[in-house]
Amino acid sequence: MLATSTRASVAAALEAAGTNGLSGEALAAQLGISRVAVSRHVATLRSLGYEIASAPRAGYRLLSAPDVSIPEEVAPRLRHSLWTRCDGGIEVGSTNDDAKRLARAGAAEGTLVVAARQTGGRGRFGRVWDSPPGGVYASMVLRPPCTPAEVSALSLVVGLGVARSLEALGVTVGLKWPNDIELGGRKLGGILLEMAAEADRVEWVVAGIGINVADTGREGSAWLRESVPSLRVPVVAASVLDGVAASYVEFVAGGFEPIRTAYEERLTSRGAEVSVRDLAGATVAFGRVVGVDCSGALLLERAEGTTAIHAGEVTLRDPV
Ligand code: BTN
């Protein structure tokens, strides 16, 4: 069960009340808090960007809510039972760093950190992930009952969950192995998995997700509102997180094999000739992509046979 902050409950109650609004007294009674506490929470919500009108007898009326992925907006929209807690705020360094701190301190599986913007967002290969408002920035603590080797498949599972949830919102995306989200051949989002493990047991995994909803100015990138202009950032954040939770639960129950085909159906490079580069940019393999195996490795076909690639960055090869 997701523990929601009282502030988030105040925001959700005002949203549910709509244009009628709610008196301070009614809000206090509904949430089991004092009227002083209600006005304190309303003041904080206003500082977070909520426009809330107040009148002596009519009480409080929500005029607009901030269109960003903050806990107050995301938590009330989450539906999956995996989620236990939702932390974060307007600005954090990196949601992955915060989630890792919580994981090390023993936070339960299903702990989330979400933010409107990041000052130190990180991507794969140590790259910077620009994180201005207008994107989803979210990280989750997972404690999968698997070995460190099985975590590579988990990263594909997270990508599949993101893709399925975006499809449900009306945007058909592709998955670039291992876990980039693409829209119209451009990068829409990415996933960063970090973990702590012993030789045969994973202690925790932090999966961080970044998705461009509005045009964040990232050169060459895609954004969701190109396809569906009405999409709000917190709606995308909650849908994506619930989608990932659903795929994760499938993975924990049956491993990667039962969802492998669903991943392959969305694999953008399937059938294409590609090169795979390592961290230093050196080509480590090339061939025609035929799919992924049950461990999540990319399968490349070459004249001498099929090779399984476990890590690297895929680029399409120029036709010769
Ligand atoms: C990539 O494609 O290189 C992965 C990008 C992952 C970015 C997300 S945004 C939320 C989370 N916090 C981070 O610092 N990074 C991930």
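User: What should I know about the model before I start?
Analyst: The model is predicted, so local features need pLDDT of at least 70 and side-chain atom pairs count only at pLDDT 80 or more, while totals for chains, interfaces and linings use all residues. Residues are numbered from 1 along each chain as its sequence is written, and side-chain values use heavy atoms, with hydrogens and water left out.

User: Where is Ala13 found?
Analyst: Ala13 is in helix 1, residues 6-17. Helices (H or I, at least four residues) and strands (E, at least two) are DSSP runs, numbered from the N terminus.

User: Is Ala13 buried or exposed?
Analyst: Ala13 counts as buried because its relative accessibility is 7%. Buried means under 20% relative accessible area, exposed over 50%, and partly exposed in between, with a 1.4 Å probe and protein chains only.

User: Which residues does Ala13 touch?
Analyst: Not counting residues up to four places away in sequence, Ala13 touches Leu22, Leu27 and Gln30. Contact here means heavy atoms within 4.5 Å.

User: Which other residues of helix 1 are buried?
Analyst: Besides Ala13, the buried residues of helix 1 are Ala8, Val10, Ala11, Leu14 and Ala17. An α-helix has 3.6 residues a turn, so residues three or four places apart point the same way.

User: What covers the buried residues of helix 1?
Analyst: The cover includes helix 2 (24-31), helix 3 (35-47), strand 1 (51-55), strand 2 (59-64) and helix 4 (71-74).

User: What span should helix 1 have?
Analyst: Helix 1 has twelve residues, so at 1.5 Å a residue it should span 16 Å, and its end C-alpha atoms are 16 Å apart, which agrees. The expected span is 1.5 Å times one less than the number of residues.

User: What comes just after helix 1?
Analyst: Gly18, which takes a positive phi of about 60°.

User: New topic, the ligand. How many residues surround it?
Analyst: The ligand is surrounded by 20 residues, and the closest are Ser94, Gln118, Arg122, Arg124 and Lys187. A residue counts as near if one of its heavy atoms lies within 4 Å.

User: Which classes make up that shell?
Analyst: The shell has six nonpolar, ten polar and four charged residues. Ala, Val, Leu, Ile, Met, Phe, Trp, Tyr, Cys and Pro count as nonpolar, Asp, Glu, Lys and Arg as charged, and the others, Gly among them, as polar.

User: Which element gives the largest share of the shell?
Analyst: Strand 8, with four residues.

User: Which atom of Arg122 lies 2.7 Å from a nitrogen atom of the ligand?
Analyst: For Arg122, a backbone N or O atom. For Gln118, a polar side-chain atom lies 3.0 Å from a nitrogen atom of the ligand.

User: How much of the ligand does the protein bury?
Analyst: Taken alone the ligand exposes 410 Å², and the protein buries 98% of that. These areas come from the Shrake-Rupley method with a 1.4 Å probe; for residues, only the protein chains shown count as cover.

User: Now the loops. Which peptide bond is cis?
Analyst: The bond from Trp177 to Pro178 is cis, with omega near 5°. Pro178 lies in the loop between strand 6 (174-176) and strand 7 (180-183).

User: What about Phe125?
Analyst: Phe125 has a positive phi of about 55° although it is not a glycine. Phe125 sits in the loop between strand 4 (111-118) and strand 5, and at 29% relative accessibility Phe125 counts as partly exposed.

How values were computed: Polar contact = N/O pair within 3.5 Å; in protein donor to acceptor, adjacent residues only side chain to side chain.
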